[in-house]
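Here are my notes on the model you sent over. Have it open while you read, and take the points in order.

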Amino acid sequence: MEKSKNSGRAGYYLYILPGMLGFALIVLVPLIANFAISFTTWKGIGTPRYIGLQNYERLLVDAAFWGSIQHTLIFIISMTILPIILGLVLAAVLFDYISAQFGETLSSFFRAGFYLPQILPLTAAGVLWGWILNPIGIVNAVLKAIGLDFMAQNWLGDASYAIWAVSAVIVWIQVGYCLVVFMSGLARVDPSLYEAAELDNASWFGRFRYITIPMLMPEIFVVALTTLIAALKVFAPIYVLTSGGPDNATTVPSYLSYYHFFTTNRVGYAAAISTLQTLVTIMLGVFFLRMQSKQTEGER
Amino acid sequence: MAATASLSTPIASDAPADHRRNKGFTRWIVLAILFVSLGGTLFPFFLAAFNAIKTPADYAANGPLAFPHSFDLTALKNFWANVDFTRKLFNSILISGCTAILAVVLSLLNAYAIGIGRVRGGRVLLVILLISIMAPQEALIYPLYYMAKQVGLFDSMLSVILIIGVLHTAFGTYLLSSVLTTFPREIIEAAQIDNASRWQILWLVIVPVLRPTLAVLATFFFIWTWNEFLIPLVFLVSNNNQTVSVAMGVLSGANTQDPTAVAAASLLGVTPTVIFFLIFQRTLTRGVAAGAVK
């Protein structure tokens, strides 16, 4: 009996074989290869030459790299923090106010509308916004129309504004994702909690602070983790909107490594950048998952 | 809790009415604010649509904010012809469709072994698979690019399908394993008594039950692949193989001189996904949530 059970299980290994083979060939081997390349100098042709930690040493004094780290921090604000705050407020308003006052349909209509930017190809969104933000584009036309000519800027072409313009586009893209996840989380909340709070004359903000946010903690964790990972990897909006410019004012690690891989052919250097990026992402992921499992243990 | 509920029932029936009367004005303000924010969110789409159908003269005379005074499809037709949009659409549909099928099948097979077969090390495999979601694509792209060149798969849609398909499998495996772990054992045991093989159980018992979940998963994979940028950008260098997403990315900043042309390009770039969105809106918004909580 025991024997047949074991051989029965073993048979299932055949089913994970294709998936694991794919994973090994497309994720594991390239990841290890990239790590190995990061210790070499290589132009992409010929034989890579081992140079130890030189690429990493050079990274430490590369202003473009340090700039890209700072920009990533700004993108964490526009990709994670702001969208979570806006998404929480919107979700709470739609769930606990609009649904109650005007009905389910209207609240789902709003949810869908705010979600739309999230599913566009980032490149199409980029072309759209590039057109809106260019010097003869819509934003400046609006400013002119309301008599604020002096505020018109070359939004993406001026080093002091470009990062904020890109951040604004990213917030526009991200709010819908947070909103949708939070609203589905709220569906779990026992309505009698809100009713009880309402009877106690709790203000809307009080209910938001003491019911909505604590109940949504699991969703906030998941959204924070996924958007943080996305913020560390952000690439397409930068490529399309600014190509990292002007003067590296919007460059990010992903763009920097892409640039060195395929434009300057400094493959070893680019591999070092992306290796660091991988390590940071995985460390962050592990940290978050730990926190999350601690939190759920605490609840139980 | 039950006591509170029964106590509150008579009061509750009055309270909402009170509530409504008192806040009659506030609720319209809240609604108005929401409509304005939604308008702001969707404004770029309307702008693109309005300006794409203007003549350049109309645009120059009345500016980007005016309603169109003219109706002219030249900009749309030109963009369509210039980038061979038919071809790009076909490529995107082919790549996204094949990737979605590949990723769903691989996820299903993985999840079958982990969720139903309970293979040893299944949990560990799930954790290891997380690497495909977390690792930045830049950390894989150069070795993959090199490998593809070595085996002659460079600039072929097949390479993109294989790579993106495998990357998406991690998410699918997660979702389906958690669904299959709770799959009723009796159904499988009944099939085993009828001498069904594992292969038959998978396709004749499990797949029909999971069909709705698999469809949601496939929809997601399709749209994610459609939007994928870096991998097709690197792998599909010839114009004939490019996807809509790459065509849009390559176009960026190319012809800002002609605003109606850029509006037309944006409009065509976003239209396919807006159509998917209208078709799959419910599936997508629910699926995001289901995926996130799992």
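1. Among contacts in chain B between residues at least 6 apart in sequence, 74% link residues at least 24 apart; contact here means heavy atoms within 4.5 Å. Chain B has 13 helices and zero strands, so its pattern along the sequence reads α-α-α-α-α-α-α-α-α-α-α-α-α, with helices (H or I, at least four residues) and strands (E, at least two) taken as DSSP runs and numbered from the N terminus. Of its 294 residues, 51% count as buried. For burial, the cut-offs are under 20% relative accessible area for buried, over 50% for exposed, and partly exposed in between (1.4 Å probe, protein chains only).

2. A word on the ground rules: this is a predicted model, where local features need pLDDT of at least 70 and side-chain atom pairs count only at pLDDT 80 or more, while totals for chains, interfaces and linings use all residues. Residues are numbered from 1 along each chain as its sequence is written, chains are lettered from A and ligands numbered from 1 in the order in which they are written, and side-chain values use heavy atoms, with hydrogens and water left out.

3. Now the interface. On the chain B side, 92 residues are in contact with 87 residues of chain A. In chain B, Met134(B), Glu138(B) and Tyr142(B) lose the most area to chain A, together 9% of what that side buries. The area buried between the two chains is about 8300 Å², and carbon and sulfur atoms give 76% of that. Buried area is the accessible area (1.4 Å probe) that two parts lose on being put together, summed over both.

4. What about polar links between chain B and chain A? There are eleven residue pairs in polar contact between them, both residues at pLDDT 80 or more. A polar contact is a pair of N or O atoms within 3.5 Å; within protein, one must be able to donate a hydrogen and the other to accept it, and residues adjacent in sequence count only if both atoms are side-chain atoms. The count of salt bridges between chain B and chain A is zero. A salt bridge needs a side-chain nitrogen of Lys or Arg within 4 Å of a carboxyl oxygen of Asp or Glu.

5. Over all chains, the structure holds two salt bridges. In one of them, Arg207(A) pairs with Asp96(A), with the closest N and O atoms 3.4 Å apart. The pair links distant parts of the chain: Arg207(A) is in helix H9 (residues 204-215) of chain A and Asp96(A) is in helix H3 (residues 63-102) of chain A, 111 residues apart. Both Arg207(A) and Asp96(A) are buried.

6. Arg188(A) and Glu219(A) also meet through their side chains in a salt bridge, at 2.9 Å from N to O. Arg188(A) lies in the loop between H7 and helix H8 (191-199) of chain A, and Glu219(A) in helix H10 (residues 217-233) of chain A, 31 residues apart. Which class does each partner fall into? Arg188(A) is partly exposed, with a relative accessible area of 44%, whereas Glu219(A) counts as buried at 3%.

7. Have a look at helix H7 of chain A (residues 162-186). Its 25 residues should span 36 Å at 1.5 Å a residue, and its end C-alpha atoms are 36 Å apart, which agrees; the expected span is 1.5 Å times one less than the number of residues. H7(A) does have a kink of about 30 degrees, centred on Gln174(A), the bend being the angle between axes fitted to the seven residues ending there and the seven starting there. H7(A) is mostly covered, with 22 of its 25 residues buried.

8. Check the backbone at Asp247(A) and Asn248(A). Most residues other than glycine have a negative phi. Asp247(A) has a positive phi near 55 degrees, and Asn248(A) has a positive phi of about 60 degrees. Asp247(A) sits in the loop between helix H11 (236-241) and helix H12 (253-262) of chain A, and Asn248(A) is in the loop between H11 and H12 of chain A. Asp247(A) is exposed at 76% relative accessible area, while Asn248(A) is partly exposed at 40%.

9. Lastly, Ser156(B) is in the loop between helix H7 (138-150) and helix H8 (157-181) of chain B. Its side chain reaches the backbone oxygen of Leu153(B) at 3.0 Å. Ser156(B) counts as buried because its relative accessibility is 18%. Leaving out residues up to four places away in sequence, Ser156(B) touches Phe235(B) and Leu236(B).
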